[in-house]
Amino acid sequence: MAFTIKVNGTPRSVDVDGDTPLLWVLRDVLGMTGTKFGCGASLCGACTVQIDGVATRSCVTPIDSIGCSQVTTIEAIGRTDAGAKIQRAWLEHEVVQCGYCQSGQIMSAPALLASNPRPSDADIDEAMSGNICRCGTYVRIREAIKLAAQSSAKGG
Ligand code: FES
Ligand code: FES
């Protein structure tokens, strides 16, 4: 069945079954491999994208549920103000270790700041708890999110 979804501001037409998860469409049909497959069962957060600005697990989001919503992936999050601040803060704190979980982490963090511009450590831990990092980069993730929040408060 044909579907047209808006990915990173561009309409993309795909021909797949309606229950095909968005993650499969992004990676296997559209060739956008920045979004990662981890568990395929909404448990790890590696596949996180944003749908209308909300952090969403693409592995359990069927293509026929997306409709006119805007899908944003790791390939384009740096074009948003919040996404660019998060990516700069990630570099500043050298957050990444193996990197596998990191696109999901980076997609969740701006969504957190959009709803809570000055999160406490506890707020960050709670909001990011669904994004599992086997390398244990949680302390650096927390510091990077706080740095991005500060730079937003200063207008930087
Ligand atoms: S791959 Fe989607 S939550 Fe793990
Ligand atoms: S950086 Fe390796 S799993 Fe998170």
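From the N terminus on, the elements of the protein follow the order β-β-α-β-β-β-α-α-α-α. That makes five helices and five strands, where helices (H or I, at least four residues) and strands (E, at least two) are DSSP runs numbered from the N terminus. This is a predicted model, in which local features need pLDDT of at least 70 and side-chain atom pairs count only at pLDDT 80 or more, while totals for chains, interfaces and linings use all residues. Residues are numbered from 1 along each chain as its sequence is written, chains are lettered from A and ligands numbered from 1 in the order in which they are written, and side-chain values use heavy atoms, with hydrogens and water left out.

Along the principal axes, the C-alpha trace spans about 45 × 30 × 20 Å. The accessible surface comes to about 7,700 Å², with 51% of it belonging to carbon and sulfur atoms; areas come from the Shrake-Rupley method with a 1.4 Å probe, and for residues only the protein chains shown count as cover. Of the 156 residues, 44% count as buried. Buried means under 20% relative accessible area, exposed over 50%, and partly exposed in between (1.4 Å probe, protein chains only).

Helix α3 covers residues 102-115. Its 14 residues reach 20 Å from first C-alpha to last, close to the 20 Å expected at 1.5 Å a residue, the expected span being 1.5 Å times one less than the number of residues. Twelve of the 14 residues of α3 are buried, which leaves the helix mostly covered. The cover over these buried residues includes β3 (48-51), β4 (54-57), β5 (70-72), α2 (81-92), α4 (121-128) and α5 (138-153).

Helix α2 has twelve residues, which should span 16 Å at 1.5 Å a residue; its end C-alpha atoms are 17 Å apart, which agrees. G83, A84, K85, I86, A89 and W90 are buried in α2, and the buried residues of this helix pack against α3 and α5. Just after α2, E94 takes a positive phi of about 45°.

Leaving aside neighbours within four places in sequence, I86 is in contact (heavy atoms within 4.5 Å) with I106, A109, P110, L113, I145 and A148.

Elsewhere, S65 lies in the loop between β4 and β5 and is partly exposed, with a relative accessible area of 48%. The C-alpha atoms of S65 and D19 are separated by 8.6 Å, though the two are 46 residues apart along the chain. As for cysteines, C59 is buried at 7% relative accessible area, whereas C98 is exposed at 58%. The structure holds zero disulfides, a disulfide being a pair of cysteine sulfur atoms within 2.5 Å.
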